[in-house]
Amino acid sequence: MSITLYGSKPSPYVRRIRMLLHGTDFEFSVVNVYDDSGRADYAKITPIRKLPLVVDGDKTIFDSHVIANYLIEKLNLAPVTLEQHNLISGVDAVTDSLIILFMGKNSGLELSKDTLIFKLQYERIHDTLTWLEKEAESGAFSEWNYAAISLITLIDWVEFRELYDLSDFPNLVAVRNNFSDVEAAKSTLPE
Ligand SMILES: N[C@@H](CCC(=O)N[C@@H](CS)C(=O)NCC(=O)O)C(=O)O
């Protein structure tokens, strides 16, 4: 039985898995978790109600990291090193904080830097992007691997949703530009 990936087209976490699965036979089932009926249907297959989710035969797998580990082994891809895991944790920290800001905005809240929940996100985003920028400058994302894939999904999504000004982070944007002709990246752009 072939793999089914549940997700949305703009989601950066889902896109990582679409890129890993590029070139393999899989079904992409689009879910809208911000729509009440879409979320109710989705809740029947996952209690955590987050995207992505993969069903492979009798296995249901939550969370992009667990899915990525599963696919890397199943598809015989290069294992993720400790250094790459740290880079991915940095990318996740920024992605998660931006999701909180995005949800705050969509909930009609004022994203004030004086409000604790938002202040924490702005601080984390700034410090982590600054660290990732230095890592990128020293070549940490020069190879096509899961860390580079994760970063690309963040940069494209930030630009797609106009979430953050990336002009202080030219090396991060350059990583995305460097791989923009790779088919797995080109064919999965957020829309
Ligand atoms: N740690 C999770 C994060 C996934 C995540 O936050 N996905 C977002 C979409 S990009 C989501 O499902 N948001 C819906 C919600 O939080 O209710 C992973 O790596 O899969």
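How many nonpolar, polar and charged residues does the shell around the ligand have? By class, this shell has six nonpolar, three polar and three charged residues; Ala, Val, Leu, Ile, Met, Phe, Trp, Tyr, Cys and Pro count as nonpolar, Asp, Glu, Lys and Arg as charged, and the others, Gly among them, as polar. The model is predicted: local features need pLDDT of at least 70, side-chain atom pairs count only at pLDDT 80 or more, and totals for chains, interfaces and linings use all residues. Residues are numbered from 1 along each chain as its sequence is written.

**Ligand shell**
- The residues surrounding the ligand include Ser11, Tyr13, Arg49, Asp63 and His65, a residue being near a molecule if its C-beta atom, placed from the backbone, lies within 6 Å of it.
- Helix H1 and helix H3 (64-74) each supply at least two residues of this shell; helices (H or I, at least four residues) and strands (E, at least two) are DSSP runs, numbered from the N terminus.

**Sheet**
- Four strands form an open, mixed sheet in the order E2-E1-E3-E4, where two strands pair if DSSP finds at least two bridges between them.
- Strands E2 (26-30) and E4 (59-62) stand at the edges with a single partner strand each, so one side of each lacks a neighbour in the sheet.
- Strand E1 (residues 3-7) pairs with E2 in the parallel sense over five bridges, and Gly7 stands opposite Val30 in E2.

**Domains**
- The protein is divided into domain 1 (3-74) and domain 2 (82-186), with bounds from an automatic or database domain assignment.
- The centres of the two domains, taken over C-alpha atoms, are separated by 21 Å.
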